[in-house]
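New notebook page. I'm going to look up a few things in this one and jot down what turns up.

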Amino acid sequence: MAGMNLARKLIGAHLVDGEMSPGSEIAVRVDQTLTQDATGTLVMLELEALGLKRVRTEVSVQYVDHNLLQADERNMADHLFLRSAAQRFGLWFSPPGGGVSHPVHMQRFGIPGKSLIGSDSHTCAAGSLGMLAIGVGGLEVALAMAGEPLYLTMPRVWGVRLTGALPDWVSAKDVVLEMLRRHGVKGGVHRIIEYHGPGVATLSAMDRHVIANMGAELGATATVFPSDDRVREFLRAEGREDDFVELAADPDAEYDLTDEIDLAGLEPLIAKPSSPGSVVPVREVAGTPVHQVVVGSSANPGLRDFAVVAAILRDRRAHPQVSLDVNPTSREILADLTKTGATLNLIRSGARLHQTGCLGCIGMGQAPAKGRNSLRTFPRNFPGRSGTPDDQVWLCSPETAAAAALTGSITDPRDLGFDYPVVELPERASVDVVVLEHPLPPGLAKDVELVKAESIGSLPELDPLPDRLRIPVVLKAGDNVSTDEILPAGAKALPYRSDIAKLADFSFTRLDETYPQRARDAGDHAVIGGENYGQGSSREHAALAPRSLGLRVVIAKSFARIHASNLVNFGVLPLEFTDPADYDAVRPGDELQFDELSQSLAATDGELAVTNLSQNTTFRVRHHLSPRQIATILAGGRIAEHLRDR
């Protein structure tokens, strides 16, 4: 009998229901959760609606790392609300300036073999430590904190064998960009990517974080690395060596799919605007003018990622046309950069240092000039995500970013004309535990009142799905529409994260500015989508805000995993065209009719008929819903279902 891969071992250790057969629904126990402020405000409102007294996970942490710019009172109001909620429900709290959730969680709470879910799609980064780490919608995190398991479709396990070692001027970002070059933004859908082979040992734990983080851009459910001596080394540096557990696939492990990458054969890569999947060698676009370079984000969060930029820029000045911005990802990393002198090198080069947080990655500041090229060590470059409508954002490694900062144009760093710098990192990190606030003991927590400013809204009441729907198509979208386009982030929208009624005004406005008003006028309605509908961020607001405007059905060619789950959680019916050609026939404004939904959704073949009353035609659609999910949609969503059954 063949051996077992690590992904199946991790799932098996947490399995509470179902069978590990690809495509079937399983339920897994959740050990840890993380939430951040762009999604956490809604999660805390959901905990209140669920009537939770105290979280039931081993560890739950609320981070404040997105809404850091305080242009008015709303962001700080959210921070105060989140701190009071963390105290009330028994969570750890990481305040503004503490750092980006993913690297901080890895530094302080990551434990090999544990399961982690987070209301942020890049939660998968923790797979770098040998964790089963999955990004999900906020409501699923809230339910996990209430003691419920996570339900998901059992993925196929994709074994990627790494050999060789990275050459000079090539780093971990180029590994995941190579995966995106080969397989695109849909390549990992319904898969767990498991990296194995002799090349893994050449990558540090933080190198693995870079690769695991952007598994989200491949659409993967999770990314898994073994827990080995490099993980032990990381935990030792963080003062947590006792948390180390060795984990690996069996020597004869089998995988559902396979791939192989020779690290020694890689070259610097870059993703062109405006998709993480538009990857080409840097040399092919060399000479393209650059006006902004931003270093930071959860996609390149490690000390090495900043230190190598500082070393390349040491005793050199950034090109005068380039705005060089540096976003340290944690207080710990900023402290170590300062101790080693790297901070001074960055400042002397002309860089601007910003507070520790996500910032420009989520469009919270550092918006580039319209039509000007911005190179970023970020995970995403979806249209407008930067905060500029006509943005030109490229994704690259720290080495490629530093080369552009020096030359003022996209430059293969191998052509800089000097040796690759040797970066020596401290054996022990500047561990900062003071900033993290411990959970209050139950006796004190029960007396904490939630701090709700006027800007803190409430959850909308959602009614059950009618058995018969006659609804117009209010919007038709194309392929690879992201949640950034369905419900934008950025400095304008993010302050309203806790006020769904106001946030709904931003729904689909990057695709059609008239959608919110037309949706309100229409009432119950449908949206049509193309391939990979809802890719990107896990923000459940992209389901809930349109639902509050009357969205009842989305029919697409295919869905991104997290967004499809979020639609179900709030009672929106996700359907796929049985024949993708039928997508072309449906027009905005067409009136669609669905009959006997409770009966037709329960049909064993998963198909049902839709009548296009405007064209006097009928076409077939299908769903991939489990009986549990069908019951959720019919009830109007998981909170309505929970309150009904309580």
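Is Cys361 buried or exposed? I looked it up, keeping in mind that this is a predicted model. Cys361 has a relative accessible area of 8%, so I put it down as buried, the cut-off being under 20%.

My search of the whole structure came back with 0 disulfides. For Cys361, the closest cysteine sulfur sits in Cys358, 6.1 Å away, so that pair is too far for a bond. A disulfide would need the two sulfur atoms within 2.5 Å.

On to Leu313. I found it in helix 9, which covers residues 303-313. Leu313 counts as buried because its relative accessibility is 0%. What does Leu313 touch, leaving aside neighbours within four places in sequence? I noted Leu324, Leu346, Ser349, Ala402 and Leu406. I also checked Leu313 against Met76, 237 residues apart along the chain, and got 36 Å between their C-alpha atoms.

Last stop, the nonpolar cores. The largest has 80 residues, and Tyr515 and Tyr533 touch the most other members. I listed contacts of Tyr533 beyond four places in sequence; among them are Val481, Ile486, Phe508, Val527 and His563. There's also a second, separate core of 37 residues, including Val285, Val290, Phe306 and Ala342.

Methods:
Residues numbered from 1 in each chain as written. Predicted model: local features only at pLDDT ≥ 70, side-chain atom pairs only at ≥ 80, totals over all residues. Heavy atoms only, no water. Core = buried A, V, L, I, M, F, W, Y, C linked by side-chain atoms within 4.5 Å. Buried < 20%, exposed > 50% of the residue type's maximum accessible area, 1.4 Å probe, protein only. Contact = heavy atoms within 4.5 Å. Helix = DSSP H or I, 4+ residues; strand = E, 2+ residues; numbered from the N terminus.
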